[in-house]
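Please open the structure in your viewer and keep the selection panel at hand.

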Amino acid sequence: MMDTLTNSVEELYTLYHKDIVRFFAEHLADREASWDLCHEVFVRLLITLASGTQLQHPQRWLMRVAKNLLIDTYRHQHTASEANLPFDSQELATLASDSTTFKTLLERKDILQVIVETFHALPEKYQRLLFWREIERLPLQEIALRTRATEPVLSTELWRARKLLQREYLRRRFKDLLPADEEIFEHLDALIRFNLTASPEEQLQHIETHERDYFERIAPTWDAYVASAYEAELQERLTGLLPWHQDMTVLDAGTGTGYLAGMVAPLVGNVIGVDCAHAMLTRAGEKMAQAGYQHVSFREGMAEQLPLATDSVDVAMCHMLLHHVVSPRTVLEELRRVVRPGGYMLIVDAHTHKYHWTPEAFGDLHYGTDLKKLRKHLSSLQMKTLLVEDAGISHSGNFIGRAADFPNFLLLGQVIKRGSTLRTSKRRRDRKDA
């Protein structure tokens, strides 16, 4: 069916694309923009036919969509010029495309199928609004007449429809990489530029690279921020939290410049810090050398794939790590993997919040960590929660000039020893030793 459909679209493209390019070229000085808009028209045609909509007069439909796109282009150019904005906005971005996108959708019928499935999974009201505005590019005034709704109400509903479309599309596109219920899908569309045909692997790689680059850049001033933002009494609290002894091996995942590693160093015989940013580890090594902690070592690596053997540490710690990783549950699985039976996991993180500027300001990938979901994940990993308590408030104002307070929590969990009547999760524990 998809083969027949794409063949039909290719035939229509052969018949009418020159007329549509000529139409745009008569009104736009930019020849390349005319071709891009032409391909946007045919991307919309492809999606329309793939969704099951029958067109009695394809040529008329194509020209109507082309005219609507041209009007939108004029309006957007005027608005961008008046407001001194760049010529790319969310209003035009949902189905924005070029010849590469069009050709990719013709060749990658699996992607086209995901688009159609996502569209059909939306509430019928959103399907109608998106078809009229995103596919046919009808003006809001005309949609308002059809729906008998005011334009402000329509704008809000369209915003919600676009957000839901993007969110659900990304869930489906990333299904081979991340479970559909991963927390990041609630806001992934805010972290990456929405693109119908972009590779999920490349998009995740871009996020991880951006995160690493942020910490490489911020490393020289990170200690100053930590000193001003985090709880001053944390070291004292850690000292009495566990029965520390010199035979212990402790992991500090996402160690940064060694904030937690330095706190527990006097209490145990071996500390291993892991971080993805080389500059952070360099600074951490300098600090430990100055303090004379020869039993503290550092390794470069990702928290999602720790460079440690299974059952190799007594305590795994992480401080403000979980909201900086794509998949917190994957990190928790890794921390669980490396902790010996009966060992401990210590997590300090920020509660969920509504400051949506933190990805840009702090490189965050999540708006804090949901404590309820965290405890649920730990329970599924055969860990029992021993303690949950407040861990002070982080203050951002002195560091970025934008004042906000972030309440933090401390969670202490313990790995249930083997032989328990509870079933053991083997998803990560079957991983070969590093």
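Is C38 buried or exposed? C38 counts as buried because its relative accessibility is 0%; buried means under 20% relative accessible area, exposed over 50%, and partly exposed in between, with a 1.4 Å probe and protein chains only.

Before the next selection, please note that this is a predicted model, in which local features need pLDDT of at least 70 and side-chain atom pairs count only at pLDDT 80 or more, while totals for chains, interfaces and linings use all residues. Residues are numbered from 1 along each chain as its sequence is written, and side-chain values use heavy atoms, with hydrogens and water left out.

Select C318 next: at 0% relative accessibility, C318 also counts as buried. The count of disulfides is zero, a disulfide being a pair of cysteine sulfur atoms within 2.5 Å.

**The sheet**

Display the strands now. Helices (H or I, at least four residues) and strands (E, at least two) are DSSP runs numbered from the N terminus, and two strands pair if DSSP finds at least two bridges between them. Seven strands form an open sheet with mixed pairing, in the order β3-β2-β1-β4-β5-β7-β6. Select β3 (296–300) and β6 (383–395) at the edges: each has a single partner strand, so one side of each lacks a neighbour in the sheet.

Move to β4 (residues 313–319) and β5 (residues 339–350), which run parallel and are joined by six bridges. Within this pair, A316 stands opposite M345 in β5. Helix α14 (residues 328–338) lies across β1 (249–253), β4, β5, β6 and β7 (405–415), at about 145 degrees to β5.

**The helices**

Select α6 (residues 109–121) and α9 (residues 151–173), whose axes come within 9 Å and cross at roughly 135 degrees. Among the residues making this contact are I111 and V114 of α6 and L165 and Y169 of α9.

Finish with α7 (residues 124–135), where nine of the twelve residues are buried, including F131 and W132. Just after α7, R137 takes a positive phi of about 60 degrees.

Definitions and conventions: Contact means heavy atoms within 4.5 Å. Axes are lines fitted to C-alpha atoms, for helices over the stretch in contact, and angles run from 0 to 180 degrees between N-to-C directions.
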